[in-house]
Structures are given as C-alpha cells and as structure tokens.
Amino acid sequence: MRRISAAVVLAGVFALSLSSVLAGQAPAQRPAPVPSPAAASGQAADVVAKYCAGCHDGVARSPSGAPLDQFDITRIQARPDVWTRAYRQLQAQTMPPVGAARPDRPGYDAVLAAIEAALLPVAPPVLATSQEIADRLASLLWNSPPDAPLLDDVRSNRLTAPAALERQVARMLADERARAFVTRFFFPWLGLDRLDKADPDKAHFPDYDVSLREAMKTETELFLLAQLRENRDPIDLWNANDTFLNEQLARHYGVAGVTGRQFRRVVLTSPERRGLLGQGSILMATSRHQHGPDAGYTSPAARAVWIRIHFLGATPPNAFPNAQPVKPEWPITPQTRTLPADPCASCHRNFFPLGYALENFDPIGRWRTHDQAGPVDASGSFVDGTPTNGVVELRQVLLQRPDAFRTAVTEKLVAYAAGSQVSGQRMTPDTLIRARTILRDAAAVRWSSIIAGLVRTVPPAP
C-alpha cells in the first residue's frame with residue numbers, strides 16, 4: 001500500500017532560462033511550484049485524457065502497447081512497469097510523438113508529480129550502518145575493501161552523518177583507485193568498452209591507428225575523473241567547455257597549440273567539441289565501422305538511439321519488422337531522410353533527427369563540412385518540433401531537459417551498485433523509484449550527493 005504525501009516533490013522539474021542555455025551554462029536547479037496531490041492528480045487525469053488516450057486507448061494502441069487511456073492515481077501501483085516507462089518518456093518530453101498535440105510544461109509536471117506520488121514508498125528508507133556504508137562505498141568507487149580512513153570513521157560511527165560521508169566520497173574520488181569506477185561503470189554504460197573492437201577501414205581513414213583510439217579513451221577517462229573530483233552537476237558532462245588532449249588528439253580535432261604526448265587540460269574555444277557529444281570516443285562508439293563501400297558513412301540511427309538512452313533515459317521505438325535495408329553504396333543519412341511516411345518515417349522522425357545533428361562528425365570523430373554525397377546536412381528537429389541544426393543546437397535542446405539525464409545516470413548507478421551489468425540493461429520500476437528518491441533528497445544535485453544517497457540507505461529486498 002502506498003500513500004500520497006502532501007510533501008511530495010515534483011519530479012524532474014527544473015526551470016531553465018533560454019539565456020543560460022545560449023550562454024552554455026548548466027541549468028539552475030529551481031524546482032517548479034509543487035501542486036497539492038489532489039490538484040496534481042486531477043490535472044494529470046485531464047492531460048492523459050487529452051494527449052495520451054487517443055493512441056493508448058487499449059484498442060487502437062500505440063506500438064508500445066501500453067494502455068494509458070485513463071489516469072487513476074490509486075491504480076498506478078498495479079502497473080508500475082507501464083507508468084515508470086511513461087514517466088521516463090514524459091520527463092524527457094519524447095512523448096507525445098512528432099506532430100501530435102503536446103501539453104504545456106505545467107501539464108507535464110502534473111503527470112510526473114502524480115506518478116511519483118503514487119509510486120514512492122510510504123515508509124522512509126532504512127538507513128545503513130557505518131560498516132555497511134563503508135563496504136558499499138569502497139566496492140562502488142574502488143572495487144576493493146574499505147581502507148584505514150574509512151574504517152576509522154566506521155569505528156567512530158561517523159559515516160551516518162551526511163557531511164562526513166560526503167567528505168569520504170570526495171577523498172576517495174581524488175584517489176587513483178577511483179579510475180576503477182570510471183572503467184567499470186562509465187565505460188560499459190557509455191559503450192566505450194566496445195571501442196577495442198572498432199576497426200575503421202584504412203582505405204577511408206588512412207590516419208587512424210590504435211594510438212589515436214587509445215588517446216580518445218584517455219581523454220574521456222580524464223574528463224570523467226575531473227568531473228567527479230570537482231563534484232560537478234552530472235549535467236556538466238554534456239556542456240563542459242574543457243577537456244584533456246595530447247598533440248595527436250588535438251591535431252585530430254583541429255585544436256592548435258597542444259604539443260607532445262602528455263595529456264593536459266585544454267579550454268575549448270569552439271562550442272562544437274563541448275562535453276561528451278564532442279569527444280572522439282563517443283563519436284566512434286556510436287558509428288558503424290565496416291570495410292567496403294559503406295565504410296565511411298555514419299549511422300544517424302545508432303547515434304540517435306545512443307542519445308535517447310544515455311541522455312534522455314527514454315528507449316526508442318522498436319524496429320519495424322522486415323524494414324528495407326539501406327543501399328551500402330550511398331550515404332546512409334540522405335536515404336533515411338527520404339523513407340516512406342508509412343510505416344517508416346512516422347516512427348523514425350521521433351528519434352533519427354537527434355543523429356542528424358551529429359553529421360558534421362565522421363565515423364572517427366573528425367569535423368567535416370562535406371561527406372561523400374556533398375555538403376553535410378545536419379538539420380533536424382526534436383520531437384516537439386524545436387529545430388536542431390548541428391551539435392550546438394542539439395545540445396541546447398537537450399540541456400532544457402536536465403533532469404531526464406540526472407535520473408537516467410542515477411538509475412544506472414542504482415543498477416551498478418546492486419551488481420547488475422549496466423551495458424544494455426533495461427531499467428526497472430525499482431531503479432526509477434530509488435533514483436528519484438536519491439535526487440529528491442539531495443540538497444544539491446552533485447556527484448557526491450548522488451553517491452552518498454546511494455550508499456547511505458539499504459536497498460529494498462528484491
């Protein structure tokens with residue numbers, strides 16, 4: 001049994017001014033006003049009836065097959081799988097689909113608040129002991145047993161105090177052993193553990209070699225470590241204006257003034273390379289690496305799916321059965337722009353344009369203005385119709401949905417801490433509920449507060 005508390009915090013609602021986005025700043029964490037549970041439930045029912053029931057009526061269902069034609073807050077617990085999937089899509093604002101009428105922001109907020117109110121547990125979480133916290137923290141960050149300073153805090157029972165726990169998180173992230181956290185969690189989650197299998201065709205990419213691939217991996221590892229150690233908001237992974245380069249990688253990116261094999265921190269003067277979407281490791285991991293006539297082409301589908309999953313936390317539509325393959329002798333992207341409306345484009349336009357915005361990056365992450373077909377066309381639009389011509393505009397649109405990413409990465413951390421593999425892992429209602437609880441209880445969303453929130457409570461029994 002659950003109850004709706006008047007203290008429920010509106011899920012995933014952070015105000016973002018357009019000026020801060022255009023300035024390239026991470027959005028401020030300013031929660032929207034919290035409606036009463038009754039008001040949120042009533043408004044949510046109106047939103048669902050107006051914007052969802054037409055496709056999710058249990059008869060003429062959407063491809064997802066999820067019946068969302070009625071909103072009854074007392075019945076959400078009976079279908080947590082359906083409503084947590086809807087929560088993720090609504091938080092990312094990837095539903096309703098392209099061309100459909102859409103609720104305003106307060107409408108989205110009301111549905112999110114009502115779903116969260118119905119799913120969050122009545123009882124407060126069980127607090128872990130200092131020993132349990134130490135064991136879980138050392139395993140999470142170092143993949144090792146607790147060290148002496150952690151055990152000192154265990155003996156003094158200090159780890160149950162939030163300030164002491166976050167100090168330990170900061171100390172442990174500053175240690176070299178924190179590299180284990182990056183390579184064991186972030187690399188599999190982001191798909192970078194598959195880079196070693198990439199084999200770009202030398203006929204198309206004569207300058208590519210293994211040392212360049214390793215430099216890309218090192219850039220991302222050092223970048224992630226810096227973000228963790230500086231205790232940044234996770235959203236800064238997508239908008240940071242600095243990175244780590246050596247001469248080889250800087251030359252690959254067209255960045256001047258970097259010499260030698262040593263990696264050093266570099267402030268980026270061009271917005272195209274900001275954050276993860278500008279890094280060669282990500283751009284290679286989201287590309288097809290084949291030999292032959294299509295070896296030099298990018299795949300907008302692969303990159304779009306990656307963004308949907310890793311930033312927005314919303315799975316893309318299922319592939320249509322018996323879809324016609326693209327012609328390998330022609331660039332893939334122009335072919336996808338001319339797919340027939342039925343049955344292809346009606347689904348593809350909900351996510352393909354995210355990949356179009358990255359077309360200025362070739363399969364090994366070089367910047368380009370032309371491909372084999374001529375001038376690059378990086379134009380597209382988000383599901384709500386917002387135009388995205390290139391990576392800079394795409395990033396601006398994504399940053400207007402910061403809590404979708406905060407929730408997505410926290411869900412993955414919940415799964416990782418529980419011993420689950422994070423690569424290809426579909427999230428569950430339990431991971432969403434736990435992630436939202438951690439974020440809701442954080443005074444400020446920073447890496448230390450997320451990690452501390454993850455280890456200070458006992459996970460619910462499976």
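Is Arg406 buried or exposed? At 0% relative accessibility, Arg406 counts as buried, where buried means under 20% relative accessible area, exposed means over 50%, and partly exposed lies in between (1.4 Å probe, protein chains only).

A word on ground rules. This is a predicted model, in which local features need pLDDT of at least 70 and side-chain atom pairs count only at pLDDT 80 or more, while totals for chains, interfaces and linings use all residues. Residues are numbered from 1 along each chain as its sequence is written, and side-chain values use heavy atoms, with hydrogens and water left out.

Now the overview. The protein chain has 19 helices and four strands; helices (H or I, at least four residues) and strands (E, at least two) are DSSP runs, numbered from the N terminus. Of its 462 residues, 52% count as buried. Take the contacts (heavy atoms within 4.5 Å) between residues at least 6 apart in sequence: 70% of them join residues at least 24 apart.

Next, the greasy part. In soluble globular proteins, nonpolar side chains tend to be buried together. Here the largest nonpolar core has 93 residues, a core being a set of buried Ala, Val, Leu, Ile, Met, Phe, Trp, Tyr and Cys residues joined through side-chain atoms within 4.5 Å. Phe181 and Phe186 touch the most other members, and helix α9 (residues 210-229) gives the most to this core, with nine residues. Apart from it lies another core, of 18 residues, including Ile76 and Trp83. Leaving out residues up to four places away in sequence, Phe186 touches Phe181, Leu224, Leu228, Leu237 and Trp447.

How do α8 and α9 pack? Two packed helices are described by the angle between their axes and the distance between the axes. The axes of helix α8 (residues 179-190) and α9 come within 10 Å and cross at roughly 115°; these axes are lines fitted to C-alpha atoms, for helices over the stretch in contact, with angles running from 0 to 180 degrees between N-to-C directions. On the α8 side, the residues making the contact include Phe181, Val182 and Phe186, and on the α9 side they include Leu222, Leu224 and Leu228.

At 1% relative accessibility, Gln227 counts as buried. Setting aside neighbours within four places in sequence, Gln227 is in contact with Arg232, Asp233, Asp236, Leu237, Ala240 and Trp447.

Phe244 sits in strand β1 (residues 242-245). With a relative accessible area of 13%, Phe244 is buried. Beyond its neighbours within four places in sequence, Phe244 has contacts that include Leu222, Phe223, Phe263 and Arg264. The C-alpha atoms of Phe244 and Thr218 are separated by 8.1 Å, though the two residues are 26 apart along the chain.

Time to return to Arg406. Its side chain meets that of Asp233 in a salt bridge (2.7 Å, N to O), meaning a side-chain nitrogen of Lys or Arg within 4 Å of a carboxyl oxygen of Asp or Glu. This pair links distant parts of the chain: Asp233 is in the loop between α9 and β1, and Arg406 is in helix α17 (residues 402-417), 173 residues apart. Asp233 is buried as well, with a relative accessible area of 4%.

The structure holds 30 salt bridges. In one of them, the side chains of Asp403 and Arg436 meet at 2.8 Å, N to O, linking helix α17 with helix α18 (residues 429-441) across 33 residues. Asp403 is buried at 2% relative accessible area, and Arg436 is buried at 5%. Both pairs belong to a network of salt bridges that joins Glu116, Asp233, Asp403, Arg406, Arg436, Arg440, Asp441 and Arg446. Elsewhere, Asp362 forms a salt bridge with Arg366, their closest N and O atoms being 2.7 Å apart. Asp362 is buried, at 5%, whereas Arg366 counts as partly exposed, at 25% relative accessibility.

One last stop is Thr298, in the loop between α11 (280-285) and α12 (300-312). Thr298 is buried, with a relative accessible area of 3%. Its side chain makes a polar contact with the side chain of Glu359 (2.6 Å). Such a contact is a pair of N or O atoms within 3.5 Å; within protein, one must be able to donate a hydrogen and the other to accept it, and residues adjacent in sequence count only if both atoms are side-chain atoms. Another polar contact, of 3.4 Å, joins the side chains of Thr298 and Arg368.
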